[in-house]
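This report describes a predicted model.

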Amino acid sequence: MAYPAKTVANYFIFKSKSDPKTELTPMKLLKLVYIAHGWHLAIKNKPLIFESVDAWKYGPVIEVLYHEFKKYKNNPITELA
């Protein structure tokens, strides 16, 4: 079963809040969701997220997540999607 990318992102944001030493920036979040999606595809042979992954200049991007969290720039994300 595939999930909205924001749901998967919220899981990672929630997990990062449990460790005060962890800073989750938008770039880290995008890569975590991308890697989780790839692992899920490899292991389950099914997509983890509904959205497509685009190849941008600096790496893979899930556009809906990029636009949701770009306001944080290089700063830690403080709120769920």
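## Aromatic pairs

In this predicted model, the count of aromatic pairs comes to three. One of them joins W56 and Y66: the ring centres are 5.0 Å apart and the planes stand at 70 degrees, over the 60 degrees that the class requires, so the pair is edge-to-face. W56 sits in strand β1 (residues 54-56) and Y66 in helix α3, so the pair ties together parts that are 10 residues apart in sequence. W56 is partly exposed, at a relative accessible area of 37%. Y66 also counts as partly exposed, with 32% relative accessibility.

## The largest pocket

The largest pocket holds about 310 Å³ of space. At least two lining residues come from each of α2, β2 (59-61) and α3 (63-69). Helix α2 gives the most, with four residues. By type, the lining divides into nine nonpolar, two polar and four charged residues.

## Helix α1

Helix α1 covers residues 5-17.

F12 lies in helix α1 and has a relative accessible area of 18%, which is under the 20% limit, so F12 counts as buried. Leaving out residues up to four places away in sequence, F12 touches L24, L29, L32, V33 and A36. F12 and A81 are 69 residues apart in sequence, while their C-alpha atoms are 11 Å apart in space.

T25 lies in the loop between α1 and α2. T25 is buried, with a relative accessible area of 15%. Beyond residues up to four places away in sequence, T25 touches N74, N75, P76 and I77.

Helix α2 runs over residues 26-44 and contains H37. H37 is buried, at a relative accessible area of 10%. Apart from its neighbours within four places in sequence, H37 is in contact with P47, L48, I49 and V53.

W39 is also found in helix α2. Is W39 buried or exposed? At 55% relative accessibility, above the 50% limit, W39 counts as exposed. W39 and M1 are 38 residues apart in sequence and 14 Å apart in space, C-alpha to C-alpha.

## Accessibility of the residues discussed

The table gathers the accessibility values for these residues.

| Residue | Relative accessible area | Class |
|---|---|---|
| H37 | 10% | buried |
| T25 | 15% | buried |
| F12 | 18% | buried |
| Y66 | 32% | partly exposed |
| W56 | 37% | partly exposed |
| W39 | 55% | exposed |

Helix α2 contains H37 as well as W39; H37 is buried, whereas W39 is exposed.

Terms used:
Residues are numbered from 1 along each chain as its sequence is written. This is a predicted model: local features need pLDDT of at least 70, side-chain atom pairs count only at pLDDT 80 or more; totals for chains, interfaces and linings use all residues. Side-chain values use heavy atoms; hydrogens and water are left out. Buried means under 20% relative accessible area, exposed over 50%, partly exposed in between (1.4 Å probe, protein chains only). Contact means heavy atoms within 4.5 Å. On a 1 Å grid over the protein atoms alone, a cavity is a set of points where a 1.4 Å probe fits but cannot get out, and a pocket is an open set with protein on both sides within 12 Å along at least five of seven lines; lining residues have an atom within 4 Å of a point. Grid points are joined across faces, edges and corners, and a volume is the space filled by probe spheres set on the points. Ala, Val, Leu, Ile, Met, Phe, Trp, Tyr, Cys and Pro count as nonpolar, Asp, Glu, Lys and Arg as charged, and the others, Gly among them, as polar. Rings of Phe, Tyr and Trp (its six-membered ring) pair if their centres lie within 6.5 Å; planes under 30 degrees apart count as stacked, over 60 as edge-to-face and the rest as tilted. The expected span of a helix is 1.5 Å times one less than its number of residues.
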